[in-house]
Amino acid sequence: MKKYHKVREHFKEMIVRNKGLIWYVCNDFDVGRAIDINDKYQEVVYQLWKDYPQFDSRYPEAPWVYAVAKNTMLMLKRKNNIEYDTLSDDMDVGGDAANEPVEQLWQMIDSLDDDDRKIVTLHLEGYNYDEIA
């Protein structure tokens, strides 16, 4: 029982330390329907708690929190069957033909297993290999 309490306290502290990052990801993603940002935040915290046993505390927590939060938003987006267009907001592309490579990239990333998808997504977000590891 004491171990569970310690784990729960460490988890709460991690959420407090990373709440800005979680809010950023929740606010940054349009998941397709009117989902309150508080509901998205709650879903991310739930997924973090669910995945917490796999977190290796020897590594920085922020990249892991970011990956779980982003994957949670992608999961909500897939549930709502809408296209992923966050990349095209940052790119200067024109016409549907220019968006095809981006769509193909995300289709390929979605086909990866969970761990590989997290690694690729973190790399695309600009994290270096040491941070991802």
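A salt bridge here is a side-chain nitrogen of Lys or Arg within 4 Å of a carboxyl oxygen of Asp or Glu. This is a predicted model, where local features need pLDDT of at least 70 and side-chain atom pairs count only at pLDDT 80 or more, while totals for chains, interfaces and linings use all residues. Residues are numbered from 1 along each chain as its sequence is written, and side-chain values use heavy atoms, with hydrogens and water left out.

There are three salt bridges to visit. Start by selecting Lys-12 and Glu-9: their side chains pair up at 3.7 Å, N to O. Both sit in helix α1 (residues 2-28), three residues apart, about one turn of the helix. (Helices are DSSP runs of H or I, at least four residues, numbered from the N terminus.)

Next, pick Arg-17 and Glu-61, whose side chains meet at 2.8 Å, N to O. Arg-17 belongs to α1 and Glu-61 to helix α3 (residues 61-79), so this pair ties together parts 44 residues apart in sequence. Glu-61 is buried at 15% relative accessibility, whereas Arg-17 is partly exposed at 48%. (Buried means under 20% relative accessible area, exposed over 50%, partly exposed in between, with a 1.4 Å probe and protein chains only.)

Now jump to Asp-56 and Arg-58, where the closest N and O atoms are 2.6 Å apart. Arg-58 is exposed at 67%; Asp-56 is partly exposed at 26%.

Last stop: helix α2, residues 37-51. Which of its residues are buried? Select Lys-40, Tyr-41, Val-44, Gln-47 and Leu-48. Look down the axis of α2: these buried residues fall within an arc of 125 degrees (taken from the directions from the helix axis to the C-beta atoms), so they line one face of the helix.

Key
Helices (H or I, at least four residues) and strands (E, at least two) are DSSP runs, numbered from the N terminus. The expected span of a helix is 1.5 Å times one less than its number of residues.
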